[in-house]
Amino acid sequence: MKKWAVPMAAVLCLTGCGAGEAVVPPTEPAVEVAAKIEGWGFRPMQNARPEFTKEQIAAMDTYDCIYMGKEDEGIYLTFDEGYETGYTASILDTLKEKGVTAAFFITGDYLKRNEDLVRRMVEEGHIVGNHTENHPSLPTVKEDSKVQEELTVLGDTFADTFGVPMRYARPPKGEYDERTLRITKETGYTNVFWSFAYEDWLQDTVKGKEYAYNKVMAGLHGGAVILLHAVSPDNAQALGDIIDGARAQGYVFRSLDAYVAE
């Protein structure tokens, strides 16, 4: 910051001007510094666990985030639910048939429009996580209280409706900064990122269940936190084969609660 020099005339005026008057040196205007938005990503490795930067790992460890489990047979299945396209019921059917517990991250609008599906998630033992009330990029929400509201409004509605709390959160678009990680943790949530994902949210690029199966199987690794979008018909149709294929390779599907317990 610049240092302001006070002219001698001003100093004299401070001691000899009109009674009670004071000359105050000018101040610099406040400069708003934009937060650095981090977009979640990593370097995928063939037949190995993906690589994350030291900065990512440090942030995840500091705020107790979930992103990749231990290098063992455990893998974690998660779905993002921004809106419904008719495939969630089929996904739930498959999970029930295969005996797999998953986590579904929903928005406020999703809950309003699809309470019956969310109730089924809860009743069938799945984790329902907080994907925020309005799905904004959290680092662009300037007021800390507004970031918190994005979580508490949906969390309170969910708890009032189903009698259980939300404990996990996933930031929209995977965008975060140090401030939003801190606020999320202080609000009582564990942030959940991922170590496998692919472009499965594009409605106009359906490629078939075999494509989805091959993409997921090629990305499996010990401790994988798998992100799939429930809007994809490819994922819904391939899910049973993905579960069977992963188990055939020795993987075990675990819940986020098991991850935290480790």
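His-221 is buried, with a relative accessible area of 4%; buried means under 20% relative accessible area, exposed means over 50%, and partly exposed lies in between, with a 1.4 Å probe and protein chains only. This residue sits in the loop between helix 8 (209–219) and strand 10. Helices (H or I, at least four residues) and strands (E, at least two) are DSSP runs, numbered from the N terminus. Not counting residues up to four places away in sequence, His-221 touches Ala-48, Arg-49, Pro-50, Met-68, Ile-75, Ser-195, Phe-196 and Tyr-251, where contact means heavy atoms within 4.5 Å.

A word on the model before I continue. It is predicted: local features need pLDDT of at least 70, side-chain atom pairs count only at pLDDT 80 or more, and totals for chains, interfaces and linings use all residues. Residues are numbered from 1 along each chain as its sequence is written, and side-chain values use heavy atoms, with hydrogens and water left out.

Let me turn to the chain as a whole. The protein chain has 10 helices and 11 strands. Of its 262 residues, 45% are buried. Among contacts with a separation of 6 or more, 74% are between residues 24 or more positions apart. The chain exposes about 13800 Å², and carbon and sulfur atoms supply 52% of that area; accessible areas come from the Shrake-Rupley method with a 1.4 Å probe, and for residues only the protein chains shown count as cover.

Which of its residues are buried? In helix 7 (residues 178–186), they are Arg-179, Thr-180, Leu-181, Ile-183 and Thr-184. The cover over these residues includes helix 2, helix 6 (144–162), strand 7, strand 8 and strand 9 (190–191). At the start of helix 7, a side-chain oxygen of Asp-177 comes to within 3.2 Å of the backbone nitrogen of Arg-179. After the helix comes Gly-188, with a positive phi near 100 degrees.

Strand 9 holds Asn-191, a residue that counts as buried at 4% relative accessibility. Leaving aside neighbours within four places in sequence, Asn-191 is in contact with Cys-65, Ile-66, Ala-169, Pro-171, Leu-181 and Thr-184. Asn-191 and Leu-181 are 10 residues apart in sequence, and their C-alpha atoms are 7.3 Å apart in space.

In helix 6 we find Thr-157, which is partly exposed at a relative accessible area of 36%. A polar atom of the Thr-157 side chain lies 2.9 Å from the backbone oxygen of Val-153. The C-alpha atoms of Thr-157 and Gly-108 are separated by 8.5 Å, although the two residues are 49 residues apart along the chain.

Helix 5 (residues 115–123) contains Arg-120. The side chains of Arg-120 and Glu-124 are joined by a polar contact of 2.7 Å. A polar contact is a pair of N or O atoms within 3.5 Å; within protein, one must be able to donate a hydrogen and the other to accept it, and residues adjacent in sequence count only if both atoms are side-chain atoms. Apart from neighbours within four places in sequence, Arg-120 is in contact with Ala-89, Leu-92 and Asp-93.

Two residues deserve mention for their backbone angles. Most residues other than glycine have a negative phi. Asp-64, however, has a positive phi near 55 degrees. It lies in the loop between helix 2 (54–62) and strand 4 and is partly exposed, with a relative accessible area of 47%. Lys-173 also has a positive phi, near 65 degrees. Its place is in the loop between strand 7 (168–169) and strand 8 (175–176). Is Lys-173 buried or exposed? Lys-173 is exposed, with a relative accessible area of 58%.

Lys-173 brings me to the largest pocket. Its lining comprises 23 residues, of which Asp-80, His-131, Lys-173, Trp-201 and His-229 lie nearest the centre. On a 1 Å grid over the protein atoms alone, a pocket is an open set of points where a 1.4 Å probe fits, with protein on both sides within 12 Å along at least five of seven lines; lining residues have an atom within 4 Å of a point. The space in the largest pocket is about 440 Å³, a volume being the space filled by probe spheres set on the points, which are joined across faces, edges and corners. Strand 4 (74–81) and strand 10 (225–229) each supply at least two residues of the lining.

How many lining residues fall in each class? There are 11 nonpolar, seven polar and five charged residues. Here Ala, Val, Leu, Ile, Met, Phe, Trp, Tyr, Cys and Pro count as nonpolar, Asp, Glu, Lys and Arg as charged, and the others, Gly among them, as polar.
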